[in-house]
Amino acid sequence: MWPLFQGATCLPQNAAKGTCELGGYPVYSVKATKVSDIQLAMNFARNTGVRLVIRNTGHDFLGKSTGAGSLSIWTHNLKEIEFIPAYSSPSSSYTGTAIKMGAGVEGIELYEAANRFGVTALSGEGRVSSLITVLLRHSKPS
Amino acid sequence: MPGKADSPEAYQLTDSVIANLTQLQLTNATFFGFTGGSYPRATTCKVMPTDNAWPTAETWNTLNLLTGGNLISTVPIGAVCYQGEHYNAAQCQKLTDNWSDSSMQ
């Protein structure tokens, strides 16, 4: 994936043949550790006209997690996982167990946490890809 | 504020924080607010590093300060293999050895 979108610049294998350029890499990244980091970065990009990209593990198949001349919000470090034993969705369409997690949680981290909580979590493809939404069921059939 | 004391949600940007920035007379405080930004949206191209409108180093530094030092200036991971300030032979070797490991990338 990455050669298509990053532009194959600054490859270790090509060090003898040229210089290290940014290519499709963002110029700056905000390492998001708190909500205000994300708010500041988004306000900044909107008000200055700088291109904004979001990067978690950088595995987006369409290359949306990188971009030339951009400011990136790097969400990898948002790793909180909280188990909610009795969750009720705002419309009450779902009641039951739930996990609230930060944007940087990856598949394998969710599985390990769900195992500790005694529930089953459904994740996406890939051990190290990040999750945005997840469905949970209690481990015992109901 | 919502969120537990040490969770990321404990630190949220609000209009009153933005007002404090303006009182400090930071000339670039308008870049950080929720409304009132001067860049015309949707009708023009994004601002690129070679453009006059690219934020100044001082403005980027303000973003760095407001995020508590969380702004990173990109140095591509392969830079350790290129002659220059980031060159490091040992790190370059480790990088090329592990190049096909997706969790490293």
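Start by selecting strand 4 and strand 5 of chain A: they form a hairpin with six residues between them, and Ser92(A) in the turn has a positive phi of about 60 degrees. Strands here (E, at least two residues) and helices (H or I, at least four) are DSSP runs, numbered from the N terminus.

Before moving on, a word on what is on screen. This is a predicted model, where local features need pLDDT of at least 70 and side-chain atom pairs count only at pLDDT 80 or more, while totals for chains, interfaces and linings use all residues. Residues are numbered from 1 along each chain as its sequence is written, chains are lettered from A and ligands numbered from 1 in the order in which they are written, and side-chain values use heavy atoms, with hydrogens and water left out.

(Two strands pair if DSSP finds at least two bridges between them.) Click Tyr87(A), and you'll find its bridge partner, Gly96(A), in strand 5.

Next, select Cys10(A) and Cys20(A). Their sulfur atoms sit 2.1 Å apart and form a disulfide (a pair of cysteine sulfur atoms within 2.5 Å). The torsion about the S-S bond is about -95 degrees, so this disulfide is left-handed. Both cysteines lie in the loop between helix 1 (2-6) and strand 1 of chain A, ten residues apart. Over all chains, the structure holds two disulfides.

Now bring in chain B. Contact (heavy atoms within 4.5 Å) involves 46 residues of chain A and 43 of chain B. The area buried between them is about 4100 Å², with carbon and sulfur atoms giving 65%; that is the accessible area (1.4 Å probe) lost on putting the two parts together, summed over both.

Which residue forms a salt bridge with Lys100(A)? Select Glu9(B): the closest N and O atoms of this pair are 3.2 Å apart. The count between the two chains is one salt bridge, meaning a side-chain nitrogen of Lys or Arg within 4 Å of a carboxyl oxygen of Asp or Glu.

Then color the side of chain A that touches chain B. Strand 1 (28-31), helix 2 (35-48), strand 2 (51-55) and strand 3 (70-74) each supply at least two residues, and helix 2 gives the largest share, ten residues.

Last stop: strand 1 of chain A and strand 1 (residues 71-73) of chain B, which run antiparallel and are joined by three bridges. Zoom in on Tyr28(A), and Ser73(B) stands opposite.
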